[in-house]
Amino acid sequence: MSAEMTSEQAVRDAVQMHSRRVWRFALALSGASDVADDLVQATCLRALERHHQVTSHDHLDSWLMTICRSIWLNEVRSRSVRRAQALSVTPESELVATLPDSETNIFAAEVFTQVMQLPEAQRETVMLVFVEGYSYRETAALLDVPIGTIMSRLSNARRKLKTVMQFEAADAARRSGK
């Protein structure tokens, strides 16, 4: 009985500790803050309902991310709407940390805007590796894909982001007359 209470408390603690990270991931998946809110709520509920399935208290953040992704995929399948509506209302300001350096915030907002334009698989991979700090191996396990797929997605995402950012920099320089 006490082990069950311990696992429930561990899940409650993990939900409190990682809910912001799960929300960012949910936002990366869905592209809409209201959908991200719903995903986090559903994730928390499912985690608490299934606390008895927890065998280790180490990596509960990964477990929460996996639940969030599973709920998202089920939602997408049930609606038969694959990522179309989500990208139009990306609230970049909610993704970017509020740092005292405003120039950094502007640049980060620009990068996040471009990240949100990536295909869903690349976007979720970029968010897990570069924003949430998971290793390639952890991300592969979380997304249930081979590690080579993670490397490929990141390579493609980097290439797309580099091209877009170079184009925008050249466009800005052209407009300023430099």
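Predicted model: local features only at pLDDT ≥ 70, side-chain atom pairs only at ≥ 80, totals over all residues.
Residues are numbered from 1 along each chain as its sequence is written, and side-chain values use heavy atoms, leaving out hydrogens and water.

## Salt bridges of Glu132

Arg21 and Glu132 form a salt bridge with their closest N and O atoms 2.7 Å apart; the term requires a side-chain nitrogen of Lys or Arg within 4 Å of a carboxyl oxygen of Asp or Glu. The pair joins helix α1 (residues 2-30) to the loop between α6 and α7 (136-143), 111 residues apart. Helices are DSSP runs (H or I, at least four residues), numbered from the N terminus.

Glu132 also forms a salt bridge with Arg24, at 3.0 Å from N to O. Arg24 lies in helix α1, so this pair ties together parts 108 residues apart in sequence. Arg21, Arg24, Asp61 and Glu132 are linked in a network of salt bridges.

## Arg69 and Glu124

A salt bridge also links Arg69 and Glu124, whose closest N and O atoms are 3.4 Å apart. Arg69 lies in helix α3 (residues 60-79) and Glu124 in helix α6, so the pair ties together parts 55 residues apart in sequence. Glu124 is buried, with a relative accessible area of 3%. Leaving aside neighbours within four places in sequence, the contacts of Glu124 include Phe25, Leu29 and Arg153 (heavy atoms within 4.5 Å).

Technical notes
Buried < 20%, exposed > 50% of the residue type's maximum accessible area, 1.4 Å probe, protein only. Helix = DSSP H or I, 4+ residues; strand = E, 2+ residues; numbered from the N terminus.
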